[in-house]
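Open the model in your viewer and keep the selection tool handy. We will go stop by stop.

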Amino acid sequence: MATVSDKNGKKRPAGLAERIYHALKNDIFDFRLMPGAHFSENEISERMAASRTPVRQALFWLEHEGYVQVYSRSGWQVKPFDFSYYEALYDFRIVLEREAVKRLCAMPPAICASHLTELVSFWIDAQRMTPGKALSRQDEAFHTTLVRASGNAEMARVHVELTEKMRIIRHLDFTRKDRVEATYNEHAQVLEAILKQQTEEAQRILTAHISQSKAEVRQITLHRLQQASLQPVSP
């Protein structure tokens, strides 16, 4: 039987439950299932044209990852936003990424530049993308690449898990043109400071950049979530 690995490296059977799991997770990330929304296993079974057994298995996986919770007998709820939780994740990101920047700046310039070639190409040289999910994924790649390039595999692993947990809320930064403009400018400034081995300056810009996103968390409203859910999904 084919298997896939979850985020903890454990194997589980691939198949209908796996497809339902990914479909529901995408619905949550794209705000088709809104934070706080209630639904039943029967509703999901009908929509997915599946029995309740694979639906229940998919929901258990999502519950384990913290995206949904049991609401009543056979009833479920998308977890409402816990602002304090997300702010704590932002603080953790700052610690990891400041350390990554420090390590990059300490590398020989040619080696550091080779690690950052693709980031420079996208965030400085290439034509800017429009707001949307595809750009959100590029933003994730920017930050994960910085941490991975620092050379600490455990830091990179933890950062990937952190990124996954924050994806639903960070996507909102890429529904606003002003935040997209700021992201491009700040990413370019971080890269330029790292390439010049200006450790403190790169850390300062990066900290301010992440802190601004953290501050935006408190500005999230139901109206903004609904607006995000109505935007076309980028490929």
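The expected span of a helix is 1.5 Å times one less than its number of residues. Keep that rule for the second stop. Note that this model is predicted.

**Stop 1: the whole chain.** Show the cartoon. The protein chain has 10 helices and 5 strands. Of its 235 residues, 47% count as buried.

**Stop 2: helix 4.** Select residues 83-105. This helix has 23 residues and reaches 33 Å from its first C-alpha to its last, close to the 33 Å expected. Now look at its start. A side-chain oxygen of Asp82 comes to within 3.2 Å of the backbone nitrogen of Ser84.

**Stop 3: what surrounds helix 4.** Show its buried residues, among them Tyr86, Leu89, Ile94 and Leu104. What do the buried residues of helix 4 pack against? They pack against helices 5, 6, 7, 8 and 9.

**Stop 4: Asp91 and Lys214.** Side chains of opposite charge can pair when their charged atoms come close. Asp91 forms a salt bridge with Lys214, with the closest N and O atoms 2.7 Å apart. The pair links helix 4 to helix 9, 123 residues apart. Asp91 is partly exposed, because its relative accessibility is 35%.

**Stop 5: a network.** Select Lys25, Glu65, Glu140, Glu164 and Arg167, which are linked in a network of salt bridges. Zoom in on Glu65 and Lys25: their closest N and O atoms are 3.0 Å apart. Is Lys25 buried or exposed? Lys25 counts as buried, because its relative accessibility is 9%, under the 20% cut-off. Next, find Arg167 and Glu140. Their salt bridge has its closest N and O atoms 2.7 Å apart, and it joins helix 7 to helix 6.

Note on methods. Residues are numbered from 1 along each chain as its sequence is written. This is a predicted model: local features need pLDDT of at least 70, side-chain atom pairs count only at pLDDT 80 or more; totals for chains, interfaces and linings use all residues. Side-chain values use heavy atoms; hydrogens and water are left out. Helices (H or I, at least four residues) and strands (E, at least two) are DSSP runs, numbered from the N terminus. Buried means under 20% relative accessible area, exposed over 50%, partly exposed in between (1.4 Å probe, protein chains only). Contact means heavy atoms within 4.5 Å. A polar contact is a pair of N or O atoms within 3.5 Å; within protein, one must be able to donate a hydrogen and the other to accept it, and residues adjacent in sequence count only if both atoms are side-chain atoms. A salt bridge is a side-chain nitrogen of Lys or Arg within 4 Å of a carboxyl oxygen of Asp or Glu.
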